[in-house]
Amino acid sequence: MTTLLTGANGLVGSMIDADLRISGRDQVDLRDWYSTERYFRSHSPDTVIHTAARVGGLGANMNNMADFYYDNILINSNVLEASRKFGVKRVVSFLSTCIFPDDVEYPLTEDKLHQGEPHFSNFGYAYAKRMLEVHSRALKTQHGLDYTCVIPTNIYGPHDNFNLKDSHVLPALIHKCYLAKRDNTDLVVWGSGKPLREFIFSEDVGKLTNLICQYYTGNDPLILSTSEEISIRQAAYTVAEAMGFEGKVVFDYSKPDGQFRKPTSNLRLRDFVPEFEFTPFNEGVKKTVDWFVSNYDTCRK
Ligand code: GFB
């Protein structure tokens with residue numbers, strides 16, 4: 001079985017084994033149909049794990065709404081259409097819990113994915129990602145193809161994007177904490193620190209993805225989450241402890257909080273892998289902080 005992984009050098013991709021790896025647009029521009037078709041024709045994978053996307057944190061999404069929609073709708077449509085055209089048997093596509101409706105009854109479950117508008121802060125990205133589920137379901141209806149989607153919560157870990165402007169909260173806090181410790185300044189956290197997030201360690205996502213590719217026969221999407229909510233404040237102090245930072249942690253109320261919470265149910269995942277043990281949050285943060293400090297000169301920041 002030949003497995004193709006898109007987004008191979010990304011946060012999740014770097015944790016997943018695959019025979020074929022597309023690591024970026026300089027190798028194959030998945031926004032371009034002819035480049036995508038040419039690659040699939042010459043490599044004909046049996047399975048595709050699709051993690052490639054244009055991604056970013058709260059700031060990046062709010063400032064690039066149309067670009068995030070356009071790039072991701074092209075990438076997603078091309079990968080699924082090329083998979084169909086060249087007889088790929090199994091596709092596992094990555095969504096994200098931030099694409100769920102903002103005004104919905106909690107906890108989030110897979111069947112609520114389309115029950116309302118996503119949060120205003122990232123609706124471009126959210127709708128483009130939701131179309132992966134729609135397209136997969138349409139391919140099942142018309143061609144009987146068993147293509148499925150996984151919906152991880154906020155993923156963190158080594159190889160992330162640590163850029164201060166457009167990264168997600170944990171890598172941003174790790175980078176800011178590193179600088180605060182080095183320069184003996186405060187660690188500034190955006191917003192009130194009150195919002196809640198469910199964080200899942202990238203190594204765990206990699207392990208779950210490999211299990212899903214091998215054993216999950218369903219067509220229904222699977223939420224990948226610990227179902228453990230952590231406040232941004234708690235996350236900031238966990239990062240400070242892992243970094244050995246003893247300075248002040250301050251909260252910048254002029255910055256947005258984004259969605260307040262997006263709690264999920266992981267019952268469907270638990271049914272599939274009841275014995276799976278998630279990496280404890282403080283352990284995952286420590287591993288990520290240590291990786292960042294060791295790779296400061298070469299990592300994405
Ligand atoms: O990971 P994040 O940027 O995006 O988290 P979302 C945003 C939360 O972290 C907000 C707080 O409550 C921010 O106020 N925060 C505190 C910070 N300090 C910082 C900081 O320095 N940088 C950032 N970025 N946040 C994303 C979606 O939503 O979820 C993406 O926008 C993606 O599309 C991701 O799907 C998983 O968790 O709010």
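**Entry 1: Leu267**

I began with Leu267 and found it in helix H8, which covers residues 267-272. A reminder to myself: this is a predicted model. Is Leu267 buried or exposed? Its relative accessibility is 59%, and exposed means over 50%, so Leu267 counts as exposed. I then looked up its distance to Leu224: the two C-alpha atoms are 9.8 Å apart in space, while 43 residues separate them in sequence.

**Entry 2: Lys207**

Next I went to Lys207, which sits in helix H6, residues 202-215. Its relative accessible area is 46%. That value falls between the 20% and 50% cut-offs, so Lys207 is partly exposed. I also checked Lys207 against Phe276: they are 69 residues apart along the chain, and their C-alpha atoms are separated by 9.4 Å.

**Entry 3: around the ligand**

Then I turned to the ligand. Which residues come nearest to it? I noted Cys98, Asn154, Lys176, Pro256 and Asp257, out of 22 residues around the ligand. Sorted by class, this shell holds ten nonpolar, eight polar and four charged residues.

I wanted to know which elements build the shell. Helix H2 (58-63), helix H5 (169-183) and strand E7 (187-190) each bring at least two residues to it. H5 has the largest share, with three residues.

**Entry 4: polar atoms facing the ligand**

I looked up some distances here. Leu58 has a backbone N or O atom 3.0 Å from an oxygen atom of the ligand. For Asn61 I found a polar side-chain atom 3.3 Å from a ligand oxygen atom. Trp190 places a backbone N or O atom 3.0 Å from a nitrogen atom of the ligand. How much of the ligand's accessible area does the protein cover? I wrote down 97% of the 700 Å² that the ligand has on its own.

**Entry 5: the second largest pocket**

My last stop was the second largest pocket, with about 150 Å³ of space. Which residues line this pocket? My list reads Arg54, Val55, Gly59, Ala60, Asn63, Asn64, Phe68, Asn161, Lys165, Asp166 and Trp190. By class, the lining has four nonpolar, four polar and three charged residues. H2 gives the most to this lining, three residues.

I was pleased to meet two names again. Trp190 is in the pocket lining, and a backbone N or O atom of Trp190 lies 3.0 Å from a ligand nitrogen atom. Helix H2 contributes to the pocket lining and also to the shell around the ligand.

Key. Residues are numbered from 1 along each chain as its sequence is written. This is a predicted model: local features need pLDDT of at least 70, side-chain atom pairs count only at pLDDT 80 or more; totals for chains, interfaces and linings use all residues. Side-chain values use heavy atoms; hydrogens and water are left out. A residue is near a molecule or strand if one of its heavy atoms lies within 4 Å of it. A polar contact is a pair of N or O atoms within 3.5 Å; within protein, one must be able to donate a hydrogen and the other to accept it, and residues adjacent in sequence count only if both atoms are side-chain atoms. Accessible areas come from the Shrake-Rupley method with a 1.4 Å probe; for residues, only the protein chains shown count as cover. Helices (H or I, at least four residues) and strands (E, at least two) are DSSP runs, numbered from the N terminus. Ala, Val, Leu, Ile, Met, Phe, Trp, Tyr, Cys and Pro count as nonpolar, Asp, Glu, Lys and Arg as charged, and the others, Gly among them, as polar. On a 1 Å grid over the protein atoms alone, a cavity is a set of points where a 1.4 Å probe fits but cannot get out, and a pocket is an open set with protein on both sides within 12 Å along at least five of seven lines; lining residues have an atom within 4 Å of a point. Grid points are joined across faces, edges and corners, and a volume is the space filled by probe spheres set on the points. Buried means under 20% relative accessible area, exposed over 50%, partly exposed in between (1.4 Å probe, protein chains only).
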